[in-house]
There are 2 protein chains.
Amino acid sequence: MAYRKTPAEISRLEAARERLIGCATEVVADVGWSQASVNAVADAAGIAAGSVYQHFPSKAALAVEVFRRAAGREVEVLGEVLVGAGDPVERLSRGVDVFARRALENRGLAYALLAAPAEPAVGAERLDFRRRYRALFAEVVREGVAAGQLPPQNAEITAAALTGAIGEVLVDPLGAADEDATQQLLADLTAAALRCAGAPTA
Amino acid sequence: MAYRKTPAEISRLEAARERLIGCATEVVADVGWSQASVNAVADAAGIAAGSVYQHFPSKAALAVEVFRRAAGREVEVLGEVLVGAGDPVERLSRGVDVFARRALENRGLAYALLAAPAEPAVGAERLDFRRRYRALFAEVVREGVAAGQLPPQNAEITAAALTGAIGEVLVDPLGAADEDATQQLLADLTAAALRCAGAPTA
DNA sequence: TGAAGCTCTGAACCATGGTTCACTTCTTTC
DNA sequence: GAAAGAAGTGAACCATGGTTCAGAGCTTCA
């Protein structure tokens, strides 16, 4: 035997792969899926186009990985808030706020995750992503109903309405020009979400 | 002079154009924008691919026309309901019902209008379409607030929430398997919409 | 009927962008 | 240092699908 990957080499490759995913995520957040060509992504990562294929079998596979990482983070964060401390309505309110706040902080990424035109493989991931979001919201709504805090309702539809509403508000810039406007937007959005779930007006 | 389009010829051409738009709409509703190639559309209309360019300068122009026609019909129908007879809350309720019912009746078209991956030109039209929908809903909400039927709120956000919610529910099949399930879905959706606007529970 | 001018056809053309591959460069091991 | 083998390069390759165009077929009108 004359060559065997040393641990350092393995971790260097792993790091290169991570770096590629990170750069690809930035490019996608910046210019959208449709403009994120293999060349653009490779350039951003400082490698040649051909090298991308050392880490992923196809552009679609890279795109799916980028989506999964980013979407996974969001689901995780939202999940922690929604199953955390507080009564169901408090959690719901904080969940909407966190979801929206994070999306506003990285609007490009939020748009890419929620709505931007993308290849079919990413579209399929997106469906799954939305379903997971919906499941999280639906669970809290059900708890609220069970606890008597919310009126009886179809929790799945309320959850779908919440994700749809937040996405719609975030995707099309309604405001959020400055810090005050952003606060107001978040407050109005949260209020609408709570009304939608049937929580008594604060 | 040896040739001049006769009125009959002109209307024949006009009819061919209309037929092309109609067939293209069907193809899009059937297989989505991304699969609706010039060849597929031309085949459906029973003409050669090249003939498409007698009526439209590019595929994008045809796609935009298809979108505008279909979206225009929906906006018109919704508009008639929302500014029709009845108090604001009644109109809002009927508007949501009509919007959703029509989308369920032609789910493929609804998906194409609301969410399906599409080329940039169609994406721009879609933004405009959503804005018009939102404006219609927002106006009714404002009237409801002015009439004291609805609590004070950011009408734009409520309107965005309504369109987002309806779109989300319709795009991802939640049910609507049979006639009864469809009725239930519509009822639940309308209820969620009214709660979202802050209307007292019926 | 014939000339002029149009519509229609569909195969060829071309732009885009993902993918491959011969070659170079770097790592490992002896 | 040299051999073996992997990673990295980037220009060439190729598939897809929108667009063009030379020719065939119609319409109009004298």
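How many residues surround DNA strand D, and which are the closest? In this predicted model, the count is 24. The closest are Gly50(A), Thr6(B), Ser37(B), Ser58(B) and Lys59(B). Helix H1 (7-31) of chain A gives two or more residues, and so do helix H1 (7-31) and helix H2 (38-45) of chain B. By class, the surface near DNA strand D has 13 nonpolar, 8 polar and 3 charged residues.

The surroundings of DNA strand C were examined in the same way. The residues near DNA strand C divide into 14 nonpolar, 8 polar and 3 charged.

The fold of chain A is described next. Chain A holds 9 helices and 0 strands. Its pattern along the sequence is therefore written α-α-α-α-α-α-α-α-α. The C-alpha atoms fill a box of roughly 70 × 40 × 30 Å along the principal axes. Chain A has 202 residues, and 40% of them are buried. Contacts in chain A were also sorted by sequence separation. Among those between residues at least 6 apart in sequence, 68% join residues at least 24 apart.

Helix H5 of chain A covers residues 88-105. Its 18 residues should span 26 Å at 1.5 Å a residue, and its end C-alpha atoms are 25 Å apart, so the two values agree. The buried residues of H5(A) are Pro88(A), Val89(A), Leu92(A), Ser93(A), Gly95(A), Val96(A), Phe99(A), Ala100(A) and Ala103(A). These residues cover an arc of only 160° around the axis, so they sit on the same side of H5(A).

In chain B, attention turns to H1. The 25 residues of H1(B) should span 36 Å at 1.5 Å a residue, and the end C-alpha atoms are 36 Å apart, which agrees. Buried residues in H1(B) are Leu20(B), Ile21(B), Ala24(B), Thr25(B), Val27(B), Val28(B) and Ala29(B). They pack against H2, helix H3 (52-55), helix H4 (59-82) and helix H6 (107-114) of chain B. Just after H1(B), Gly32(B) takes a positive phi of about 85°.

How are the two protein chains related? In general, two copies of a chain are related by a rotation about an axis and a shift along it. Chain B superposes on chain A by a rotation of 180°, with 0.0 Å of shift along the axis and an RMSD of 0.0 Å. The two copies are therefore related as by a two-fold rotation axis. Both copies use the same surface, and 100% of the contact residues of chain B recur in chain A.

The contact itself takes 29 residues from chain B and 29 residues from chain A. On the side of chain B that touches chain A, helix H7 (120-146), helix H8 (155-171) and helix H9 (179-197) of chain B each supply at least two residues. H8(B) gives the most, with 11 residues. This side of chain B has 14 nonpolar, 9 polar and 6 charged residues.

Conventions: Residues numbered from 1 in each chain as written. Chains lettered and ligands numbered in written order. Predicted model: local features only at pLDDT ≥ 70, side-chain atom pairs only at ≥ 80, totals over all residues. Near = placed C-beta within 6 Å. Helix = DSSP H or I, 4+ residues; strand = E, 2+ residues; numbered from the N terminus. Nonpolar A, V, L, I, M, F, W, Y, C, P; charged D, E, K, R; others polar. Buried ≥ 20, exposed ≤ 12 C-beta atoms within 10 Å, placed from the backbone. Contact = placed C-beta atoms within 7 Å. Expected span 1.5 Å × (residues − 1). Arc of directions from axis to C-beta. Least-squares fit on C-alpha atoms with pLDDT ≥ 70 in both.
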